[in-house]
Structure formats: structure tokens, C-alpha cells
Amino acid sequence: MKVGKAAAAFLSCFLGVSLCMWAGSQVPPASGAARSGAGQAPPAAPSASRGGSHDAAAGQAITAYTLPPAEERQAVEYERAGDWLYFGGFAYGLAILLLVLAWRLPPRYRDWAERTTRCRLGQAAVFVPLLFFTLAALDWPLDAAGHWIGLHFHQSVEAWSPWLWDWAKEQMVTSAVAIVLVWILYSIVRRSARRWWLYFWLAALPVLFFLVFISPYVLEPMFYRFHPLAQRDPALVAELEKVCAHAGVEIPPSRMVLMQASQKTNSLNAYVTGFGASKRVVVWDTTVARMTSPEIAFVFGHEMGHYVLHHVVWGMLIGAAALLGLLWLCSGALRWSLRRWGARWAIRDANDGASLGVLWLWISIFLFLGSPLSNAVSRHFEHEADRYGLEVTHGIVPDSAQNAARAFQVLGEDDLSNPHPSPFIVFWLYSHPPISARVQFALHYDPWGPGRHPRYVR
Ligand SMILES: [Zn+2]
């Protein structure tokens with residue numbers, strides 16, 4: 001998470017938890033919006049070898065997640081590049097924000113905004129994009145490096161010009177949302193310098209819930225095309241409906257959507273998004289192209305686990321609680337740092353709009369430090385969804401344990417997952433358990449013996 005992306009991060013703190021992907025992305029997404037699309041890239045050539053090893057894997061039983069030596073080296077390098085980008089990017093982002101504060105850009109932008117209009121919302125509409133685009137421009141080399149890594153390791157297939165356009169769209173969307181949130185924020189800070197963190201939290205929650213709700217309709221189609229799965233692959237829908245019947249859950253085919261990810265990425269994925277009337281299961285077309293129907297049934301079972309176990313709602317509740325803690329910490333840190341450096345940065349106090357730059361600094365720091373915690377929560381949800389997927393496909397696909405292990409093997413090969421990630425990197429960055437652990441769980445999970453019971457699907 002880059003510091004300059006604080007506002008996007010702020011949103012993703014919320015949106016991110018509410019979006020349960022089947023697989024995590026290794027290179028941090030270009031946007032804070034927890035989508036792995038734009039920041040990932042891929043492939044050109046190696047897909048042939050992928051298909052090949054998948055065929056080989058199909059012939060023999062899987063006992064562990066493995067890659068051929070050359071690919072394993074690639075996977076390790078790919079992961080290392082992503083780690084450097086993440087940790088180095090955090091330090092770089094901090095440096096940028098401190099420079100922007102030292103150059104006194106926020107007070108300068110504030111003065112421009114105040115001279116332009118007396119309307120507070122209008123001032124936010126001038127000030128926020130100015131600050132945002134300054135930070136985004138300074139951060140751009142990092143985003144570009146992320147895309148370059150994706151291309152280099154054949155994870156992205158998106159050419160530079162559409163990637164740039166996606167990048168620009170992200171900045172515009174983030175900035176539009178931020179104008180509204182910042183306007184609300186400073187209206188509140190001006191009224192209550194001590195308790196703003198609490199009142200702003202109350203005010204921001206409905207806005208954030210609304211964003212999660214409309215995201216499948218408005219935000220996601222800005223970056224990808226979607227088609228009803230039933231239209232593109234009726235046979236697959238029939239297979240998936242068998243899984244639904246086994247679970248005793250009705251997910252109407254209208255909630256099953258195929259996402260055209262193949263224009264941008266080689267990675268495989270599927271996710272649940274939205275909530276209430278906008279909740280739906282999305283399967284990437286790359287997944288459909290490279291997996292067998294029983295394997296997709298397992299992926300779908302995992303996604304249905306998120307759906308049935310209410311992970312989107314849980315994610316939002318946990319996100320809301322985390323947001324409250326974050327705002328409380330930030331209010332203290334903001335007061336402290338303005339006492340120390342306010343004069344040097346030419347920022348009067350917390351209710352001076354220019355303090356937004358300082359607030360972003362702290363939001364970024366706390367989100368960075370909170371990353372192991374949010375990832376631990378995410379890994380827990382993902383593990384339970386794996387369990388659900390195994391239970392719901394048991395007895396309806398041939399050899400469900402091997403089938404799941406094979407699906408993970410294909411996923412690992414395609415996403416170039418490191419078979420032996422360092423425990424520290426898993427602790428800090430992994431939103432999903434490592435593939436090796438997921439394969440082992442699939443192979444050894446057996447609640448069907450005498451005296452035992454599956455946890456979710458009887
Ligand atoms: Zn998942």
C-alpha cells in the first residue's frame with residue numbers, strides 16, 4: 001500500500017474486506033480498491049507450458065503443490081519483486097508525503113481553493129483533486145513498476161495504453177469519492193475538534209455501504225465487461241446448479257456472472273461482490289478457459305462458501321470496526337503531529353483543510369501496520385470458504401479431494417505462486433493461505449469418517 005494512495009486505501013480498508021477473491025494477487029493492485037485486475041498483468045508465451053503441466057497433473061495424483069524448477073525460480077523472483085515494490089513503495093510513499101508537506105503544497109492548494117469559491121463543497125472540489133493528482137503523479141512510477149513486473153512475469157496481458165487509461169479512471173473515481181468524504185469530514189471537524197473521529201465514522205458508514213452496494217453496477221463495469229454466465233456457458237451453469245442443490249442454497253443463474261478478465265490478465269480468479277440485492281458470484285473467463293468443469297465446481301463451491309457464510313457482510317462489519325479504530329488513532333496522531341510540526345508545514349490546526357495531507361500520512365501508516373491483522377482475518381475467511389467448497393463438492397464430483405488439489409495446482413501454476421513463501425511474507429501480505437497449505441488441507445480434510453461431521457454441508 002503506497003502512502004500517496006491513502007484515500008484509495010481508506011476505501012479499500014472497507015471495500016477490500018468485502019470482496020472475497022478466490023485467489024490473492026501477489027503484486028499489490030495498482031489501486032487501493034483491492035481489485036487484482038489493473039495491477040496485474042500477463043502473459044504471452046508461457047501459457048503453453050501451463051496447459052502442458054496441467055495435463056500432466058491431471059494424469060497423476062497430486063500429493064503437494066509443486067512447480068518445475070525453472071518455473072519455481074520465476075515464481076520466487078516474481079514474489080520477491082512484488083515484496084520489494086510493496087515495502088519499498090511504502091517507504092517511497094512516506095517520503096513523498098513528507099516532501100509534499102515540507103514544500104507546503106497542502107496550504108497552497110487550500111489558499112487557491114478558498115480564493116476560488118466560498119462554498120465549502122466547491123473548495124473541496126478544488127483542493128482534493130489538486131492534492132490527489134499531485135500525490136498520484138509522484139506515485140505513478142511505482143504503479144508503472146507494478147505493471148511492468150506483471151508484464152515481465154507474464155501475469156498481465158494488458159498493453160500500456162489501456163493500462164494508463166485504467167489508471168487515470170481510478171484516479172478520477174477515487175478523487176470524486178474523496179471530494180464528498182473530505183467535505184463531510186471537515187464539516188464535522190469544524191464542529192467537533194475532539195470527537196470528529198466518532199461523528200465522521202457515523203457519517204461515512206452509509207456512504208461506504210452504498211459504495212459496496214453499487215460497486216457491481218457502477219465501479220466494476222468501468223474496468224471490465226461482464227456477461228451472464230448462462231448466456232456464455234449454459235452447460236457450466238447446469239453443473240453449478242448441481243452444487244447449489246447439494247448445498248440447499250438457491251443462487252439464481254442471474255447472480256452468476258462471467259467476467260472478461262482475459263483481455264487484461266492471465267491470472268485465474270473468481271469472487272463474490274456486492275451485498276443484498278447486488279450480491280453476485282463472478283467467475284473470470286480465464287478460469288473457465290483453463291479448468292475442467294469439476295474444478296470450476298470447486299472454485300464455485302468456495303465462492304458459494306463466502307456467499308452462504310455471509311463473508312461480505314462480516315467483512316463489512318469488521319471493516320467498519322477497524323475504520324472506527326483507525327479514525328480514533330488518526331485523530332490523536334494528527335493532533336500530536338500538528339503540535340510539533342504544524343508551524344513548519346504552515347497548517348493551522350485540525351480543522352484547517354490543509355491538515356488532510358497529515359491525515360493521509362497517518363492513515364497510510366496505520367493501514368500499513370494493520371495489514372497483518374486484516375490479512376489474518378482474510379486468511380481465516382478464505383480457509384473456511386475452502387472448507388465449504390470441499391464439503392459442498394464432496395460426493396458430487398469424482399474424487400473431490402484430488403479435484404480441489406488439482407484446482408489449486410492449476411491456480412498456482414497460472415498465478416505463478418511461490419510454493420515455499422517465507423512465513424513473514426505470508427504473515428504480512430497473504431490475503432489467502434499459501435497454495436501449498438491449501439492443497440494439503442484439501443488432501444487431508446476428511447470429516448466424513450465414522451463419528452465425524454462436516455461443519456457446513458450435511
Ligand atoms: Zn475466497
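This is a predicted model: local features need pLDDT of at least 70, side-chain atom pairs count only at pLDDT 80 or more; totals for chains, interfaces and linings use all residues.
Colleague: Why does D399 count as exposed?

Modeller: D399 has 12 C-beta neighbours inside 10 Å. Numbering starts from 1 along each chain as its sequence is written.

Colleague: Where does D399 lie?

Modeller: D399 sits in the loop between α13 and α14 (400-415). Helices here are DSSP runs of H or I with at least four residues, strands are runs of E with at least two, and both are numbered from the N terminus. D399 also has a positive phi of about 45 degrees, although it is not a glycine. Most residues other than glycine have a negative phi.

Colleague: What makes A346 count as partly exposed?

Modeller: A346 has 16 C-beta neighbours inside 10 Å, so A346 counts as partly exposed. A346 is placed in the loop between α12 (311-345) and α13. Its phi, near 60 degrees, is a positive value in a residue other than glycine.

Colleague: And how do you know that G146 counts as buried?

Modeller: Its count is 27 C-beta neighbours inside 10 Å, so G146 goes down as buried. G146 is found in helix α5. The C-alpha atoms of G146 and L85 are separated by 7.2 Å, with the two residues 61 apart along the chain.

Colleague: Happy with that. Why are α4 and α5 called roughly antiparallel to each other?

Modeller: Helix α4 (residues 105-116) and helix α5 (residues 120-152) pack at an angle of about 150 degrees, and their axes are 8 Å apart. The axes are lines fitted to C-alpha atoms, for helices over the stretch in contact, and angles run from 0 to 180 degrees between N-to-C directions. Angles over 145 degrees count as roughly antiparallel, under 35 as roughly parallel, 65 to 115 as roughly perpendicular and the rest as oblique. The pair is therefore roughly antiparallel. Among the residues making the contact are Y109 and W112 of α4 and F127 and L130 of α5. Two residues are in contact if their C-beta atoms, placed from the backbone, lie within 7 Å.

Colleague: Now the strands. What makes β4 and β5 a pair, and in which sense?

Modeller: Strands pair if DSSP finds at least two bridges between them. Strand β4 (residues 270-273) and β5 have 4 bridges, in the antiparallel sense. T273 stands opposite R280 in β5, and the bridge partner of A270 in β5 is V283.

Colleague: How many bridges join β3 to β5?

Modeller: There are 4 bridges, and β3 and strand β5 (residues 280-284) run parallel. In β5, V283 faces L258 and W284 is the bridge partner of M259. M259 of β3 also stands opposite F226; strand β2 (residues 226-228) pairs with strand β3 (residues 256-259) in the antiparallel sense over 3 bridges.

Colleague: What makes you say that β5 is mostly covered?

Modeller: 5 of its 5 residues are buried. R280, V282 and W284 point one way from β5, while V281 and V283 point the other way. Both faces of β4 are covered as well, with A270 and V272 on one side and Y271 and T273 on the other.

Colleague: Which residues touch the most other members of the largest nonpolar core?

Modeller: V128, V182, V283 and F408 do, in a core of 102 residues. Its largest share, 14 residues, comes from helix α13 (residues 356-393). A nonpolar core is a set of buried Ala, Val, Leu, Ile, Met, Phe, Trp, Tyr and Cys residues joined through C-beta atoms within 7 Å. Leaving aside neighbours within four places in sequence, F408 is in contact with Y65, I435, R438, V439 and A442.

Colleague: And how many helices and strands are in the protein?

Modeller: The protein has 16 helices and 5 strands, and buried residues make up 49% of its 458 residues.

Definitions and conventions:
A residue is buried if 20 or more other C-beta atoms lie within 10 Å of its own, exposed if 12 or fewer, and partly exposed in between; C-beta atoms are placed from the backbone.
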